Amino acid sequence: MAKKRRPQPRAAAVQTKDAEVPVVGAREPCPCGSGRRYKACHGREAAHAVTELVRRPFEGLPGECDWVALRELVPAATTELTLKGGLPEGVPSVTLATVLPMAWPALRRDNGAVLLGLQNDTSSGDISRDLADTLQRALTTEPGHPVAAGRAPADGPRLQDLLDPDAPFEPTVHTGFEFWVENAENATAEVAASLERANAAAIPTARIPGLEGAYWCEAPEKNHLRWVTAHPEEQLLDALARLHAAGTSSLGEGTRLVGSFRAHGLVVPVWDLPSSMGADEVTAPAAAFGERLAKALATDTPLTAEERRARGGLTNRQITLS
């Protein structure tokens with residue numbers, strides 16, 4: 001005779017509001033009382049919140065275009081960050097750096113100053129939240145130690161919550177990574193080796209003064225200007241197409257607008273430059289182009305057939321980095 005199965009108790013009614021459900025182990029019962037494992041219940045929502053891609057993670061921060069440039073284009077640069085409410089006791093400064101030795105997410109110097117690395121891999125789809133989590137942990141890290149990688153909570157603050165929105169964002173581009181250490185002669189062998197490798201791989205880069213997000217770089221066969229813009233993509237492509245069709249999209253003799261790419265929700269036009277054209281030589285032509293672009297952006301007449309062909313060419317040469 002088959003053994004009777006004992007009646008199973010029904011799952012208790014949900015007693016906890018979504019916002020109050022604590023995080024537990026993935027295989028543990030969900031604290032909401034549903035009777036399911038956490039990973040199949042509220043854990044699924046938390047994981048989705050953590051991995052959901054934020055298209056413009058630096059939107060709302062001063063210097064959004066430069067944030068994107070430092071994340072994707074510039075090898076060695078730093079800039080001071082200003083926190084809302086001022087710096088905590090024992091932290092004399094907070095500095096954003098493109099990259100740190102051994103790809104540390106952050107570093108607390110011996111004197112308590114914090115260096116925050118920007119070009120590290122992140123654990124979620126929101127770079128701003130990941131960086132904010134690293135920054136908060138760096139502020140309480142023991143001086144003289146790097147900050148380990150970690151996973152930001154899905155409801156944790158973002159950079160926009162921690163940084164002063166009225167503070168300027170003025171990056172300083174460096175020729176190398178000596179800013180890693182206050183005294184290079186006293187660097188450990190590991191840091192010294194990392195510094196040597198980084199300096200050898202760094203592409204000479206310069207920020208174009210007065211033009212947010214515009215950076216010149218030197219390449220083996222030709223130089224480039226890469227200009228991160230915050231203009232709406234469709235409007236920008238129309239304006240570039242108008243200039244290209246009119247023969248005014250270049251930056252002077254031997255230069256050429258070759259296309260653009262997307263990075264963190266912004267469009268980055270790219271020009272080829274002669275090897276003889278340095279950052280100083282491209283500054284004035286770039287500023288003049290900026291004036292032409294402003295006029296083209298203000299034009300709302302339909303594109304001509306030639307302008308549509310130019311736009312199609314620009315679109316076909318567009319790629320997405322992030």
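Ring pairs link Phe58, Trp67 and Phe169 into a cluster, where rings of Phe, Tyr and Trp (its six-membered ring) pair if their centres lie within 6.5 Å. The model is predicted, so that local features need pLDDT of at least 70 and side-chain atom pairs count only at pLDDT 80 or more, while totals for chains, interfaces and linings use all residues. Residues are numbered from 1 along each chain as its sequence is written, and side-chain values use heavy atoms, with hydrogens and water left out.

**Exercise 1. Describe the chain as a whole.**

Solution. Begin with the secondary structure, which comes to eight helices and 12 strands; helices (H or I, at least four residues) and strands (E, at least two) are DSSP runs, numbered from the N terminus. Next, turn to burial: 45% of the 322 residues count as buried, a word that means under 20% relative accessible area, with exposed meaning over 50% and partly exposed in between (1.4 Å probe, protein chains only). Finally, look at the contacts with a separation of 6 or more, of which 61% are between residues 24 or more positions apart; contact means heavy atoms within 4.5 Å.

**Exercise 2. Which kinds of aromatic pair do Trp67 and Phe169, and Trp271 and Phe289, form?**

Solution. A search of the whole structure finds seven aromatic pairs. Among them, Trp67 and Phe169 have ring centres 4.8 Å apart and planes at 20 degrees, and this pair is stacked, since planes under 30 degrees apart count as stacked, over 60 as edge-to-face and the rest as tilted. Now place the two residues: Trp67 is in helix α2 (residues 64–72), whereas Phe169 is in the loop between α4 (159–162) and β6 (172–173), so that the pair links parts of the chain 102 residues apart. Trp67 counts as buried because its relative accessibility is 1%, and Phe169 is buried too, with a relative accessible area of 8%.

For the other pair, the centres of the Trp271 and Phe289 rings are 5.0 Å apart and their planes stand at 80 degrees, so this pair is edge-to-face. Trp271 belongs to strand β11 (residues 266–273) and Phe289 to helix α7 (residues 279–297), 18 residues apart, and both residues are buried.

**Exercise 3. Find the largest cavity and say what lines it.**

Solution. A search of the whole structure finds one cavity of 30 Å³ or more. On a 1 Å grid over the protein atoms alone, a cavity is a set of points where a 1.4 Å probe fits but cannot get out, a pocket is an open set with protein on both sides within 12 Å along at least five of seven lines, and lining residues have an atom within 4 Å of a point. The largest cavity has a volume of about 80 Å³, a volume being the space filled by probe spheres set on the grid points, which are joined across faces, edges and corners. Its lining includes Trp67 and Phe169, together with Leu61, Glu80 and Asp164. The lining divides into eight nonpolar, one polar and two charged residues; Ala, Val, Leu, Ile, Met, Phe, Trp, Tyr, Cys and Pro count as nonpolar, Asp, Glu, Lys and Arg as charged, and the others, Gly among them, as polar.

**Exercise 4. Where is Arg109, and is this residue buried or exposed?**

Solution. First, Arg109 sits in the loop between β3 (106–108) and β4 (114–117). Second, Arg109 is buried because its relative accessible area is 13%. Third, leaving aside neighbours within four places in sequence, its contacts include Leu115, Pro143, Trp180 and Val181.
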